[in-house]
Amino acid sequence: MLTCLRQVPGFLAGPVVVVCVVLGAILAFAPGASAHPLSTSVVRLDVGERTVTATVDLPLDQLGIAMDRPFTAADVLDAATVSALRAYVQGDLSATDSTGRTWVTRVAGGRVTSIDGADNLVLDATLTPGSGPVGDFVLHYDAVVDRLVSHRVFVSARYGSTGRYTTVAMLSWQTQSVPIAALPSTSTTSTSTASTTAAPASGSQGFVSAVHLGVEHISGGSDHLLFLLMLLLPAPLAAVERRWASRPDLGRAGWRVLHVVTAFAVGHSITLALGALGWVRLPARLVESGIALSVLVSAVHAVRPLVRRGEVLIAVTFGLLHGLAFAALLGALDLGRGSLLTTLLGFNLGIEITQLVVVALVMPSLILISRTVVHPVLRIAVALLGAVLAAAWFAQRSGLMPGDPLEPVGELLVEHPLILAAGLAVVAVLCELARRAGHLTGKPAAAVTRDEPGASSATGTRLATAPSGRPSTCQAVSRVDHQATATSRGWNSRRAARLRSVSRPKPSRWPVYWLMLPGNTATRKAARIAPTD
Amino acid sequence: MTKIRRTIVAPIAAAALFSTVTACSSDSDADTSSSTASASAAAPSSSSSGFAGGGPGGGGAGGGLQTFTAVDLDTDGANASGANTTAVVTAATAFLATLDTSTAGKVNYAFTDNVSRQTWSNYPAQQVPRKGVALSDLDDDAKAAAMALVKTMLSPAGYAQVQTIQQADDWLRANSASGTDSFGSDSDYYIAIYGKPSTTGSFMVQFGGHHLARNYTYKGTTASITPDFTGTEPKSFTIGNTAVEPMKEKAGTLFDVFDSLTDDQEAKAKLSGTIDDILMGPGVDSGKFPATQGVAVADLSAQQQSLVLDAIRAWVGDASPDVAASLMKTYTAQLSQTRVAFANSDTVDGESTYLRIDGPRVWIELVNTRSRSTPNVHYHGVYRDKNDDYGSTNPSA
């Protein structure tokens with residue numbers, strides 16, 4: 001990467017660095033870190049036929065006041081802490097049916113999500129009748145409110161696990177329970193007030209809501225997107241001798257993007273269908289870890305091609321894993337058989353639409369940038385970032401680590417997507433402008449500006465950064481290697497080839513690395529090779 | 001499991017499309033229930049709808065925004081006597097006369113529009129839009145007439161209280177670290193009139209904005225002056241060389257009560273739960289008050305009892321003198337059945353210091369709360385009358 005940086009002329013390195021610094025500053029000083037006195041809890045209910053699942057958002061600042069100890073996004077997920085909090089919420093969350101019987105409450109999960117700039121502990125709960133289907137019930141919830149009297153809890157519900165949540169009540173010190181209607185078909189008292197307030201979002205909205213669900217799911221599932229992005233990164237390039245080389249052919253770049261997106265779609269569609277039908281099932285932890293691994297693999301591939309046309313291969317094989325994760329989501333929706341096909345199609349369509357949005361947002365900038373020597377810097381930087389995030393996910397999902405230490409970093413990124421997209425576009429435009437001015441092309445300025453022979457001979461082969469018309473700072477007089485070609489990683493000149501043979505020996509010649517250790521002379525020797533033929 | 005993924009973070013460009021796509025799927029935000037008048041339909045903080053969202057990623061923290069659900073209000077509340085209704089009607093009529101038809105239409109509401117009458121808040125107007133018209137939308141004559149009306153309704157101390165709270169908002173406009181564009185003594189304060197001002201029928205004048213709500217309901221020669229919200233951020237500041245402390249009288253007299261408590265009394269006065277904002281704030285109009293708790297004023301010394309009366313007077317005394325005298329007579333008579341309580345701490349700058357006076361009718365809360373605009377705690381205070389808010393009998397009664 002350092003070698004790539006050296007190839008970026010100073011005048012553009014400046015703006016690029018400035019853009020990065022500004023982006024960083026915006027992210028770092030984003031509002032939201034400060035406590036907000038009126039953050040509220042949210043309980044979202046998915047009313048199913050056999051069970052009611054609930055997602056509970058607990059703002060950490062208010063939770064901290066209630067528990068009389070401050071929580072941070074990191075320490076609230078300590079095993080002992082989060083399990084104590086699960087037990088606390090489990091004791092304060094219950095459902096009672098019309099005969100007065102209390103259902104079984106189970107609280108699980110535990111993750112931290114930033115909502116409106118405030119960290120929330122998010123727990124998952126299930127409320128299950130002792131026997132029989134879910135009928136009308138009364139939800140009782142007083143976590144946090146029982147200790148922090150001024151706290152408020154918004155309760156919302158939906159049916160069929162798709163579509164809108166409808167706010168049913170705001171619980172506070174005044175009231176801690178709210179009647180909730182069962183699914184319309186199983187409702188015992190269809191005239192109850194709860195069913196009129198909370199019943200509109202039924203699962204029969206079918207196709208359109210399934211499309212929405214697909215869009216929502218993949219857009220919220222940053223690992224899917226990151227995977228796709230990693231595969232797109234090298235799309236404008238061609239793998240040559242285990243390296244990425246720039247390829248000026250726009251049409252072929254387009255084909256490759258199409259191949260990648262199609263391959264991913266084919267892969268995940270197969271297992272989505274198989275999984276949703278219940279024919280294939282893998283443990284969630286395995287699937288989730290595999291997905292993190294897929295991001296890691298695609299990130300590595302973006303740095304150095306693993307296999308020729310590897311991105312298509314990676315897309316289709318790991319697409320199978322991603323499909324299983326999608327299927328698990330659909331499985332959790334508790335769908336009737338009748339609606340399965342429409343939901344499946346709609347959900348998949350939503351995923352494809354979102355993928356195309358990613359491509360449309362990212363590819364134009366990437367293609368513009370790929371015509372300049374900025375691309376390798378960007379590609380490798382983004383790929384490394386992706387690899388690090390993926391490694392952290394993998395560690396967390398496979399149970400190697402209790403929490404994801406990088407989560408706050410990523411959350412900041414998630415919260416400012418437009419700035420990031422705009423930043424990428426700005427870099428792309430800067431690159432394009434520089435390219436049109438004859439810079440950043442990876443070719444000596446002499447070759448581009450068609451200077452007189454004397455000037456061109458003064459520019460040297462290594463890197464001609466001096467704009468034409470200004471005296472070159474490089475005084476080494478040498479002949480230009482006119483057969484030199486630019487690759488995404490630098491010069492492919494005869495000199496470079498010779499340097500490579502010394503400084504990057506084949507693995508069969510490991511002992512040569514010994515020579516490169518400090519005090520040995522291999523590299524200095526290499527440097528002494530005349531930069532000419 | 002899918003939610004595990006949702007929480008996980010995206011890299012640079014993956015994040016880029018995140019916003020685009022979430023914009024498409026914004027239907028996951030919760031609806032506002034139809035019986036609820038959302039006060040924040042135009043709230044700029046996008047994801048927190050009025051009835052804070054239930055969608056994935058929606059709602060949570062910003063959901064402090066208030067909602068107003070109409071309750072049944074009547075005109076049979078235990079109003080104070082001695083109202084200067086004639087003067088108020090004259091000032092209100094004069095104010096309305098300065099307005100053109102369209103502005104007058106915006107200022108004047110039906111007296112039966114309960115949801116609008118209940119629409120007051122501690123928040124800036126940008127977060128919780130008010131009814132009526134902003135002072136900044138009035139010409140100089142109309143604005144002067146509006147403030148003259150407010151002045152007529154209040155005692156000199158009450159009007160000074162309005163002015164200092166407005167000055168605090170001007171201070172915020174100049175100094176706030178973050179928050180809102182609507183700060184300012186003109187742009188953040190609204191006036192509305194409910195019903196036709198008359199010396200015989202019922203009407204209400206509502207004046208308020210950030211940290212201020214005056215809801216004065218008149219019926220003949222009687223008046224209701226609650227719910228009444230006062231607060232200030234910051235607690236003290238300077239204008240030129242003058243130190244301003246808007247809540248000095250109200251907070252000072254109330255802290256005097258709690259400072260006077262013996263250890264034994266203090267133990268009885270301390271509430272078990274934690275409270276970090278007023279409980280009977282905006283939108284809490286169901287008529288249900290918290291269960292009576294704390295140390296009985298009857299168990300305090302005569303000296304301490306007079307401190308409690310001083311504290312009550314600091315709030316009631318904002319009204320015109322005869323109205324205040326009438327209410328003080330009632331509250332004094334009920335003093336032996338009144339309790340005082342605190343939560344968290346009873347120190348002036350304590351975190352979430354919460355003080356309360358709770359009588360058969362009088363209800364006063366003062367709390368140290370926080371915002372993103374300034375680094376220190378600031379006051380929220382509310383005064384309600386359990387039998388006379390909005391000039392109505394208790395809605396649950």
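1. D68(A) is exposed, with a relative accessible area of 70%, where the cut-off for exposed is over 50%. This residue of the predicted model sits in the loop between α3 (60–67) and α4 (79–92) of chain A. Its backbone also deserves a look: D68(A) is not a glycine, yet has a positive phi of about 60°.

2. N344(B) belongs to the loop between β13 (339–343) and β14 (354–358) of chain B. With a relative accessible area of 23%, N344(B) is partly exposed. As background to both points, most residues other than glycine have a negative phi, and most peptide bonds are trans.

3. T226(B) and P227(B) are joined by a cis bond with omega of about 0°, and P227(B) is placed in the loop between β8 (222–224) and β9 (228–232) of chain B. E233(B) and P234(B) are also joined by a cis bond, with omega of about -5°. P234(B) is in the loop between β9 and β10 (237–239) of chain B.

4. Over all chains, the search of the whole structure gives eleven aromatic pairs. For F227(A) and F318(A), the ring centres are 6.3 Å apart and the planes are at 70°, so this pair is edge-to-face. The pair links distant parts of the chain, 91 residues apart: F227(A) is in helix α7 (residues 222–232) of chain A and F318(A) in helix α10 (residues 310–332) of chain A. F227(A) and F318(A) are both buried. Together with F264(A), F227(A) and F318(A) form one aromatic cluster.

5. A pair in chain B involves F289(B) and W363(B), and both residues are buried. Their ring centres are 5.5 Å apart with the planes at 70°, so the pair is edge-to-face. It links distant parts of the chain, 74 residues apart, with F289(B) in the loop between α9 (263–269) and β12 (295–296) of chain B and W363(B) in strand β15 (residues 362–369) of chain B.

6. Charged side chains over aromatic rings also occur in chain B. R117(B) lies over the face of F111(B), 4.1 Å from the ring centre. K250(B) lies over the face of W315(B), with 5.7 Å to the ring centre.

7. S365(A), in helix α11 (residues 340–370) of chain A, has a relative accessible area of 8% and is buried. Leaving out residues up to four places away in sequence, S365(A) touches L424(A), A425(A) and A428(A). S185(B) is in the loop between α7 (156–175) and β5 (189–194) of chain B. At 18% relative accessibility S185(B) counts as buried, because the cut-off is under 20%. Its contacts, apart from neighbours within four places in sequence, are L135(B), Q166(B) and D170(B).

8. By class, the lining of the second largest cavity divides into seven nonpolar, four polar and six charged residues.

Methods:
Residues numbered from 1 in each chain as written. Chains lettered and ligands numbered in written order. Predicted model: local features only at pLDDT ≥ 70, side-chain atom pairs only at ≥ 80, totals over all residues. Heavy atoms only, no water. Nonpolar A, V, L, I, M, F, W, Y, C, P; charged D, E, K, R; others polar. Helix = DSSP H or I, 4+ residues; strand = E, 2+ residues; numbered from the N terminus. Buried < 20%, exposed > 50% of the residue type's maximum accessible area, 1.4 Å probe, protein only. Contact = heavy atoms within 4.5 Å. Phe/Tyr/Trp six-rings, centres within 6.5 Å; stacked < 30°, edge-to-face > 60°. Lys NZ or Arg CZ within 6 Å of the ring centre and 35° of its normal.
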